[in-house]
Amino acid sequence: MSSEFITGVKYPHPFAELAVELCGSAAREVCILSPSLDHEVFDNGELTDALGILIRSSRQTRVRIIVADTRSLVSRGHRLLLLARRIPSSVQIRKLAEHPQWKGETIVICDRDGVLYKRGDSDHDGFYEPSSRSSTRRHLDLFEELWRNSSEDPELRSLSI
């Protein structure tokens, strides 16, 4: 994994590839914050495989995802939604429509050490910092605040028939 700080990361690519790289390096936890969990970035086999390996590695591992809009996840389907439905004890997706501290950023956090970030109003002004505890802490604090204010969306539950 690249350990260097990269600025000017474009979205959706190479953001998507860096997300796979970062998630593939996780040992304990991945946190994802995204307005809609864009299919082009987050609905791919490589990312799902990396997260699947993480959650199968230990009972203490977890993946937490916050989205604002869950409609496209349900209507179009999404690999991460299928993973959350298959392993709900380890993968949780919650909904947060708005919060004064969330400006529409997309953030991927690996453990407490790595972060991939995109401002909400820019598709070319992101950064990747795979080994910075201090930078990651700031983003993890935001994620934790948003997680406390998010809720489960009944639309995301799997239907038992």
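Predicted model: local features only at pLDDT ≥ 70, side-chain atom pairs only at ≥ 80, totals over all residues.
Strands β5 and β6 (residues 114-118) pair in the antiparallel sense, over 5 bridges. Strands here are DSSP runs of E with at least two residues, helices are runs of H or I with at least four residues, and both are numbered from the N terminus. Two strands pair if DSSP finds at least two bridges between them.

Residues are numbered from 1 along each chain as its sequence is written, and side-chain values use heavy atoms, with hydrogens and water left out.

## The sheet

The sheet is open and has 7 strands. Their order is β1-β7-β6-β5-β2-β3-β4, and the pairing is mixed. From one strand to the next, the twist averages 10°. Axes are lines fitted to C-alpha atoms, for helices over the stretch in contact, and angles run from 0 to 180 degrees between N-to-C directions.

Strand β2 (residues 29-34) runs antiparallel to β5, joined by 4 bridges. Cys 31 stands opposite Ile 109 there, and Ile 32 stands opposite Val 108. Strand β3 (residues 62-67) runs parallel to β2, with 6 bridges between them. In one of these, Glu 29 has Arg 62 as its partner.

How much of β5 is buried? In β5 (residues 106-110), 5 of its 5 residues are buried. Buried means under 20% relative accessible area, exposed means over 50%, and partly exposed lies in between (1.4 Å probe, protein chains only). Thr 106, Val 108 and Cys 110 point one way from β5, and Ile 107 and Ile 109 point the other way.

β2 is mostly covered too: 6 of its 6 residues are buried. Glu 29, Cys 31 and Leu 33 lie on one side. Val 30, Ile 32 and Ser 34 lie on the other.

Contact means heavy atoms within 4.5 Å.

The axes of α1 and α3 come within 9 Å and cross at roughly 10°. The two helices are therefore roughly parallel to each other. Angles under 35 degrees count as roughly parallel, over 145 as roughly antiparallel, 65 to 115 as roughly perpendicular, and the rest as oblique. Ala 19, Val 20, Cys 23 and Gly 24 in α1 meet Glu 46, Leu 47, Ala 50 and Leu 51 in α3.

## The nonpolar cores

In soluble globular proteins, nonpolar side chains tend to be buried together. A nonpolar core is a set of buried Ala, Val, Leu, Ile, Met, Phe, Trp, Tyr and Cys residues joined through side-chain atoms within 4.5 Å. The largest one here has 34 residues. Val 30, Ile 32, Phe 42, Leu 51, Leu 80, Val 108 and Leu 116 have the most contacts inside it. Elements that each supply at least two residues include α3 (45-57), α5 (79-86) and β4. α1 gives the most, with 6 residues. Apart from this core lies another, of 15 residues, among them Leu 33, Ile 66, Trp 102 and Ile 107.

Phe 42 belongs to helix α2 (residues 39-42). Is Phe 42 buried or exposed? Phe 42 is buried, with a relative accessible area of 0%. Beyond four places away in sequence, Phe 42 touches residues including Tyr 11, Phe 15, Ile 32, Leu 80 and Val 108. The C-alpha atoms of Phe 42 and Val 20 are separated by 8.9 Å, and the two residues are 22 apart along the chain. Leu 80 also touches Ile 32 and Phe 42, and its other contacts include Leu 51, Ile 65, Val 91 and Ile 93.
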